[in-house]
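Visitor: Could you take me through this model, beginning with contacts between charged side chains and ending at the metal site?

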Amino acid sequence: MTREEALDSIKANVENGNLIKHMLATEAIMRALAKRLGGDEEEWGLTGLLHDIDVELTEGDMDSHSKLGADLAKELGASEVMANAILCHNPTHGIPSETTLDKALFCGDPLTGLIIAAALVRPDKKLAGVEARSVRKRFKEKSFAAGANREQISQCSEIGLELDEFIELSLEAMKGIAADLGL
Ligand SMILES: [Fe+2]
């Protein structure tokens, strides 16, 4: 599967532009994590890119979310390893994360929301001026971007990263695609 094929399929299955941006942000973080942890950049990136492809199709049915996504990814040519990471990123299924790829997607997914919110509260609404320490501060404010699950983000310890490094690396990765994110 090429990245273009993955994107075409996303565009065919997802209408919400913000959801697509979330998937692009997750891809960027996953590529940076692969680089840092010795994973396959393309494999990790495409897993991040595709992970929520079924969100609109499953219409809020958490029992189906990510099962359908894993199937769609496999149809596109994703490996079992990639499909499993997509499957277990939805905690509803109770499937434990086992591989580093599973764990990276699990903690990287919610961090995108926290970083995007940190950009949106700025007067210029741009990522460029967001500093890692301000994201770290926001992390501690439970009511800020409350949907960004702090416990899940904290599981970066499972892939051997301190929260500070995880935030810094992810923020830089997202800054690298700021134009695509409209931020
Ligand atoms: Fe997600």
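Visitor: Which side chain meets that of Glu27 in a salt bridge of 2.7 Å, N to O?
Guide: A salt bridge here is a side-chain nitrogen of Lys or Arg within 4 Å of a carboxyl oxygen of Asp or Glu. This is a predicted model, in which local features need pLDDT of at least 70 and side-chain atom pairs count only at pLDDT 80 or more, while totals for chains, interfaces and linings use all residues. Residues are numbered from 1 along each chain as its sequence is written, and side-chain values use heavy atoms, with hydrogens and water left out. The partner of Glu27 at 2.7 Å, N to O, is Arg3.

Visitor: How many residues apart in sequence are the parts that Glu27 and Arg3 tie together?
Guide: Helices are DSSP runs of H or I, at least four residues long, numbered from the N terminus. Glu27 lies in helix α2 (residues 17–37) and Arg3 in helix α1 (residues 3–13), so the pair joins parts whose separation in sequence is 24 residues.

Visitor: Is Glu27 buried or exposed?
Guide: Buried means under 20% relative accessible area, exposed over 50%, and partly exposed in between (1.4 Å probe, protein chains only). Arg3, at 31% relative accessibility, counts as partly exposed, whereas Glu27, at 4%, counts as buried.

Visitor: Which residues are linked with Glu27 in a network of salt bridges?
Guide: Glu27 also meets Arg31 in a salt bridge of 3.0 Å, N to O, and both lie in helix α2, four residues apart, about one turn of the helix. An α-helix has 3.6 residues a turn, so residues three or four places apart point the same way. The network links Glu27 with Arg3, Arg31 and Glu42.

Visitor: Which residues coordinate the iron ion?
Guide: Donors are N, O and S atoms within 2.8 Å of the metal (3.2 Å for Na, K and Ca), and water is not among the atoms, so sites may look incomplete. At 2.1 to 2.3 Å, the iron ion is coordinated by His22 (NE2), His51 (NE2), Asp52 (OD) and Asp109 (OD).

Visitor: How many residues apart are His51 and Asp109?
Guide: Both His51 and Asp109 are buried. His51 lies in the loop between α3 (41–50) and α4 (67–75) and Asp109 in helix α6, so the pair links distant parts of the chain, with a separation of 58 residues.

Key:
Helices (H or I, at least four residues) and strands (E, at least two) are DSSP runs, numbered from the N terminus.
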